[in-house]
Amino acid sequence: LLYVKLRRVLSTFLNEKLGEILNCDEQNDCSIFKMIIPLWLSFSKKVVTIKNIYLSVDRSPKHSLKYNTVHNICLNLFTTIIVSNPNISKEITKHIFKQINLERRGHKINEDDLKIIISLLVELGVYKQKIEEEFLKQSTIFFDQEAKIILESANDVKKYINHISQIAKIEELRCYIPKDTKLKISEILYKLMFEKNIKRINIEL
């Protein structure tokens, strides 16, 4: 009964917040992406408080459910009501890739916001599905295009490798991307920019 009431209260709260987010006015600097971050930070604090209140029940061996039930309920509701909403999901994805593309072109971005939102997606268990798969696809296209551009200007292997090394360093320093994704990115970069394209440089060593 306690868990039923908790779900009801949290669902009501999150649905109200969902309405506020979807009705936000872009002209008043109130984008969906900017509203998600403070909501998540505030909600995370509430989850800690709720877990403390339910601690004796949540960790009782007499209880039929697993430990951390409250934690799971809270995160599942945030995922279902907020993050999985089609409009919000689309906006989050669009914003993340827009910022990554800007950074790859040399623009300065707000890495802190991206770190929060990606950490959110990782904790909710939806990062790989919503972000990583598409990020790897976009990275493959980006590295292939960059390799062709560099090949046109680099007249020897040494210059080509220097260019690629700079790109690899920038990718490695991207602090908001999880380590396992960085490893996959490094593998793609090596295969496309070294194994595939370095053979295209016709020069006597």
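Guide: Helix 6 (residues 111-124) and helix 7 (residues 127-153) pack at an angle of about 125°, and their axes lie 8 Å apart. Helices here are DSSP runs of H or I with at least four residues, strands are runs of E with at least two, and both are numbered from the N terminus. Each axis is a line fitted to C-alpha atoms, for helices over the stretch in contact, and angles run from 0 to 180 degrees between N-to-C directions. Helix 6 and helix 7 are therefore oblique to each other; angles under 35 degrees count as roughly parallel, over 145 as roughly antiparallel, 65 to 115 as roughly perpendicular and the rest as oblique.

The model is predicted: local features need pLDDT of at least 70, side-chain atom pairs count only at pLDDT 80 or more, and totals for chains, interfaces and linings use all residues. Residues are numbered from 1 along each chain as its sequence is written, and side-chain values use heavy atoms, with hydrogens and water left out.

At the contact (heavy atoms within 4.5 Å), helix 6 contributes Ile 118, Leu 121 and Val 122, which meet Tyr 127, Lys 130 and Ile 131 of helix 7. By class, this contact of helix 6 with helix 7 has 5 nonpolar, no polar and 1 charged residues. Ala, Val, Leu, Ile, Met, Phe, Trp, Tyr, Cys and Pro count as nonpolar, Asp, Glu, Lys and Arg as charged, and the others, Gly among them, as polar.

Ser 139 is buried, because its relative accessible area is 0%; buried means under 20%, exposed over 50% and partly exposed in between, with a 1.4 Å probe and protein chains only. Leaving aside residues up to four places away in sequence, Ser 139 touches Arg 104 and Ile 185. Gln 145 is also found in helix 7, and at 47% relative accessibility Gln 145 counts as partly exposed. Gln 145 and Met 193 are 48 residues apart in sequence, while their C-alpha atoms are 9.6 Å apart in space.

As for confidence, pLDDT is the predictor's own estimate for each residue, from 0 to 100. Helix 6 has the highest mean, 95, whereas helix 3 (residues 55-58) has the lowest, 66. Where pLDDT is low, the predicted coordinates should not be read in detail. The mean pLDDT of the protein is 86, and 85% of its residues reach 70 or more.

Of the 205 residues, 41% are buried. Among contacts between residues at least 6 apart in sequence, 74% join residues at least 24 apart.

Two positions elsewhere illustrate such pairings. Ser 11, in helix 1 (residues 2-22), touches Leu 77 and Ile 81, not counting residues up to four places away in sequence. The C-alpha atoms of Ser 11 and Leu 77 are separated by 6.8 Å, although the two are 66 residues apart along the chain. Asn 85 lies in the loop between helix 4 (69-83) and helix 5 (86-104), and is buried, with a relative accessible area of 13%. Asn 85 touches Leu 18, Leu 22 and Thr 80, again not counting residues up to four places away in sequence.
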